[in-house]
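Hello,

Here is the structure I promised to hand over. Please look through it before reading on.

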Amino acid sequence: PGEPGNAPQKIADILAVLMRGIQRVETVFRELSTISRLDIEDVRLQCRLVDLNLSATESVAECFPEAMQQDVTLDVQTSDIAPIWADAGRIRQLIANMIANALIRSEPGGRILLRTEQEPGAAIIRVEDGGSRIPEPMLQNIMAGLASDDPSAETRVELYVVNRLALAHGGEMRFTASTDGMALTVRLPLDPERTGTKENLHGDE
């Protein structure tokens, strides 16, 4: 038996674990609801010029409390990016899901870094985490599930939502190994002619 004085702390630790579990169930329920809406509703993007750096900063601020609870450092690095033609609410949702995926993979004391960059013709959002690398066969299953109408069991809800929203904006998603863990990257076009069509939501040309 442990010291009597340790009992309150042990109870607090157990309650904290239970609360994190409840929060994850609530998050998954919200994401499953989002998937249902993305799949069955006639979703129309309300596009305008969007400051991607502002969206990234706001999304990090929204996710910061959960990161603190998990004892994970959440940083953001922005660079000069031209405004993108996009749905501001959906872009924040996309970034929040990228961060949520990284939080699931992160251990206490870990670090998540969100970067924004600009490449010729595209804006880049990249979220890097320090979680364990996903074996290549499993990673291939994940990407195959995302590309099909019948996602594989390994496909995370968060990745599915990110992929669908990237497609909706005429962009693409990549999930790859990084130096210290995994990197989730979304590439969004700067050309408004390639953004915001309903057909892109379903991956059609």
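My notes on the fold, the core and the surface follow.

This is a predicted model: local features need pLDDT of at least 70, side-chain atom pairs count only at pLDDT 80 or more, and totals for chains, interfaces and linings use all residues. Residues are numbered from 1 along each chain as its sequence is written, and side-chain values use heavy atoms, leaving out hydrogens and water.

Fold. The protein chain has five helices and seven strands. Both are DSSP runs numbered from the N terminus (helices: H or I, at least four residues; strands: E, at least two). Their order is α-β-α-β-β-α-β-β-α-α-β-β. Take contacts (heavy atoms within 4.5 Å) with a separation of 6 or more: 74% join residues 24 or more positions apart.

Core. Of the 205 residues, 42% are buried, meaning under 20% relative accessible area with a 1.4 Å probe, protein chains only. The largest nonpolar core has 42 residues. Such a core is a set of buried Ala, Val, Leu, Ile, Met, Phe, Trp, Tyr and Cys residues joined through side-chain atoms within 4.5 Å. I84, L94, I95 and V186 have the most contacts inside it. Helix α3 (residues 88–105) gives the largest share of this core, eight residues. Leaving aside residues up to four places away in sequence, I84 touches R48, L49, V50, L52, I91, A123, L188 and L190.

Surface. The accessible surface of the protein chain (Shrake-Rupley method, 1.4 Å probe) is about 11200 Å². Carbon and sulfur atoms hold 53% of that surface.

Best wishes

Notes:
Buried < 20%, exposed > 50% of the residue type's maximum accessible area, 1.4 Å probe, protein only.
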